[in-house]
Amino acid sequence: MSKVATVIRAGLRSNFGLATLKHRLFKEKKDRWLVPLVGLAAVGVLPTLYGIVLLIENAYLLLKPMGQERALLTLGLLAGQLLILLFGIYYIISAFYFSRDLEMLIPLPLRPSEVMISKFAVILINEYLTVAAIVLPVVITFGVMAKGGVGYWVNTALVYAALPIIPLAIVSVLVVAMMRFINVSRKKDILILVGSIVLITASLFLQVGLGRSRGPQANPEAIAAFFTSPDSLLNQVGSKFPPSVWATKAVAGGFSGEGLANLALFLGVSLAFFAGIVVISEKLFYRGLVGLGETTGKKRRLTRDEMSRRVSSGRRAGAAIFSREWKIMNRTPIFLLNGVLVVVIVPVIAVLMGTMGSSRGGGGGGSDLTAILKTLSSSNQLYAILGAALFMIICGSLNGTSSSTFSREGAQFWLSRVIPVAPREQAAAKFLHSYMIATLGVITASAVAAFVLHLKAVHLAAAAGLALIVGVLLTAVGMIIDLARPLLDWTNPQKAIKQNLNVLLAMLADIGIITALFFGVRALIRAKLAANAVLVVLFLALAVLAALSYHILLRFADKRYPQIET
Amino acid sequence: MIELTNVSKSYNRGKVKAVDGLTLSVKPGEIFGFLGPNGAGKTTTIKMLVGLLRPDAGRLMVEGFDVAKDPLKAKQVTTYVPDYPAVYERLTGLEYLNFIGDVYGVPRAERLDRIGKWLEIFELAPVVTNPIQSYSHGMKQKIVLTAALLPAPRVMVLDEPLVGLDPRAAHQLKEMFREHCDQGKTLFFSTHIMEVAEKLCDRIGIIHKGRLVACGTMEELRALDQTEQSLEGIFLELTDK
């Protein structure tokens with residue numbers, strides 16, 4: 001086996017934990033319960049998938065008579081590539097520069113480009129999985145509807161295989177050049193934070209940009225001309241990123257001249273981009289790496305008074321654990337982004353999306369959405385409260401804070417096991433931390449709801465109250481899931497929160513709970529209960545569930561902590 | 001005071017026996033050295049002793065507290081230094097020490113006194129406000145040792161504590177071992193450095209393939225072996241099976 005293939009194989013095995021998974025499933029015979037659970041989760045996703053397929057089918061039938069149906073493919077492929085472009089920044093920075101196996105790889109007799117290619121391969125596989133949910137439903141539904149032949153499916157497979165290369169290559173060049181020429185290596189935390197904020201800003205601008213390019217000029221002649229010219233929509237959508245147009249034509253054209261020419265163009269350009277990064281990485285990759293693993297601090301001896309001030313006078317153990325959680329979360333960029341920043345940013349993005357439309361002269365749906373929401377909220381106050389509560393719950397609780405709370409401790413979990421603090425007390429401190437972040441999300445979402453929907457204060461308070469009680473339930477459920485199977489053997493913090501199956505399982509559980517609540521409320525409304533009575537019943541039921549879940553969490557902590565062997 | 005009675009632990013559902021019917025006791029005021037080849041069961045024993053692993057059978061007692069039945073009381077009198085210093089890298093050294101002081105309930109005056117003393121001895125005072133991630137391996141080892149000394153525990157359990165320490169710090173740590181046990185406290189540590197074990201330990205236990213193959217003072221071990229060999233010679237002979 002060539003050296004590159006060996007390094008790629010080792011990278012894939014260690015990154016996707018295949019060896020560990022095999023060992024756990026077949027040797028230690030642990031985690032076997034996960035297999036049916038993952039199967040069940042997959043079945044649970046089927047109705048949503050079916051809905052998406054129906055939507056695509058309808059869009060196809062609508063666009064087909066106008067000769068615009070191929071725009072659907074472009075939209076799917078473009079969305080996939082944009083997603084890769086945006087999330088690629090995270091993956092590339094993290095894999096190229098901050099993964100700990102680099103310390104082991106660099107001393108090996110490998111060329112910089114070989115190390116880089118192995119890292120690139122891991123990201124490529126990650127991206128295939130990431131974009132599958134977006135791209136596959138579109139290309140498969142389209143293929144079935146258009147009765148695509150062998151050419152369609154072969155080209156689809158080839159295009160899908162090459163899809164992440166161009167966007168990843170663009171990001172790689174930017175990142176490698178940045179690390180080489182800007183001396184940011186010693187401030188890697190700031191780099192990740194700034195990079196991520198740039199990413200979020202860029203995604204907002206893209207949102208606006210695509211919104212603007214969505215339609216023709218708003219006069220009847222232009223609209224008529226636009227829709228009578230075949231593929232005008234395809235070209236319009238793809239104008240910001242031509243490779244998505246080539247990919248569309250390659251897939252839709254199959255083995256026709258147009259299909260093969262576009263396939264050659266798409267694959268050729270992808271290959272050229274890939275070759276480009278191999279050349280660039282050979283020259284620049286290692287130079288940006290030197291000294292990256294080192295962090296320095298100024299040496300300064302504290303005076304007696306300073307030391308006396310800074311040595312704690314003795315907090316309760318629970319307060320010490322809360323403070324530890326808070327500091328570690330806020331000082332680890334990946335944790336901070338996925339915890340505190342998510343609960344602040346999601347509502348802000350929502351408000352931007354809700355209000356931006358109005359400045360675009362009807363180009364996007366933002367203003368319409370706000371108008372619909374306002375109408376809804378003024379017509380039925382119960383729905384307004386429930387809708388706002390749902391928004392607050394999503395903003396506050398659907399993040400990875402609670403469902404990674406034990407996993408985030410990683411190799412340091414031994415400390416939690418040896419300190420003389422009862423597991424329930426530790427779990428309570430961790431709960432408080434996760435719940436405070438959820439509360440921050442509820443507060444931000446309340447501000448947004450007040451700003452966009454102009455809800456009355458009393459309705460806002462009721463919605464926030466509901467969201468806070470549900471927050472207790474969802475936080476406890478997330479923590480229970482993470483405590484059941486904490487992921488402690490990570491070397492890259494990204495694995496503890498972004499690639500942690502517990503976060504996904506908790507989100508599925510949260511969606512299940514919210515769905516159950518939806519049916520419960522529907523039953524109450526159908527039973528002709530007054531709005532206030534519905535709210536009272538809901539409050540009481542949720543309060544009982546919240547108290548119960550918290551109680552179960554503490555009991556489970558006492559039982560589970562001694563079982564976790566580190 | 002440490003007492004292990006018939007302690008066993010296996011991995012892979014009983015296929016690999018790491019510790020097999022281990023019985024030993026360490027008296028107050030004793031430095032006990034725990035030796036054995038790689039994979040002999042030293043770390044497994046130590047982890048069971050501090051509650052990180054659960055034994056399949058047997059009983060572990062620390063200062064009269066059953067580690068399995070009364071874990072909090074056992075933990076309150078024990079501190080542990082692992083073989084690899086995995087600590088909260090995002091905290092500063094002082095924040096970490098404050099955390100340990102808080103969870104063990106160390107009074108402020110004693111905390112100030114001990115932190116000051118050990119930071120000076122281990123030469124960590126100038127970097128104590130820096131994040132632990134900026135420390136070298138040896139400095140991380142020293143901050144873990146400082147944290148383990150902070151509560152002045154009745155029992156200290158250390159897994160390869162001398163690895164990564166510079167000669168000065170290693171010397172001072174050995175002095176501390178003696179000082180600790182002269183106060184009637186107990187110290188249990190594993191090591192591969194025969195010379196240290198021979199000179200420092202009051203008693204030595206040698207574990208091989210999960211079983212205790214020898215235990216006693218240096219004189220008792222020599223008598224057992226019926227030779228005038230060094231500890232290294234005795235060790236090689238006992239573990240060469």
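Here are some friendly notes on this two-chain structure, point by point.

1. **Before you start.** This is a predicted model, in which local features need pLDDT of at least 70 and side-chain atom pairs count only at pLDDT 80 or more, while totals for chains, interfaces and linings use all residues. Residues are numbered from 1 along each chain as its sequence is written, and chains are lettered from A and ligands numbered from 1 in the order in which they are written.

2. **Chain A.** Chain A has 24 helices and zero strands; helices (H or I, at least four residues) and strands (E, at least two) are DSSP runs, numbered from the N terminus. Of its 566 residues, 37% are buried, meaning that 20 or more other C-beta atoms, placed from the backbone, lie within 10 Å of the residue's own.

3. **The sheet in chain B.** Six strands of chain B form an open, mixed sheet in the order 6-7-8-3-9-10. Two strands pair if DSSP finds at least two bridges between them. Strand 6 (78-81) and strand 10 (211-216) of chain B are the edges, each pairing on one side only. From one strand to the next, the twist averages 15 degrees; axes are lines fitted to C-alpha atoms, for helices over the stretch in contact, and angles run from 0 to 180 degrees between N-to-C directions.

4. **A look at strand 8.** Have a look at strand 8 of chain B, where five of five residues are buried. On one side lie B:Thr186, B:Phe188 and B:Ser190, and on the other B:Leu187 and B:Phe189. Strand 8 of chain B pairs in the parallel sense with strand 7 of chain B over five bridges, and B:Met156 stands opposite B:Leu187. With strand 3 of chain B, strand 8 of chain B also pairs in the parallel sense, over four bridges; here B:Gly33 has B:Phe189 as its bridge partner.

5. **Helix 6.** Helix 6 (residues 167-182) of chain B packs on the sheet and touches strand 3, strand 7 and strand 8 of chain B. Contact means that the C-beta atoms of two residues, placed from the backbone, lie within 7 Å. The direction of helix 6 of chain B makes about 145 degrees with that of strand 8 of chain B.

6. **Where the chains meet.** How many residues does each chain bring to the contact? Chain A gives 37 residues and chain B gives 41 residues. On the side of chain A that touches chain B, helix 15 (317-331) of chain A gives the most, with six residues.

Note on methods
A residue is buried if 20 or more other C-beta atoms lie within 10 Å of its own, exposed if 12 or fewer, and partly exposed in between; C-beta atoms are placed from the backbone.
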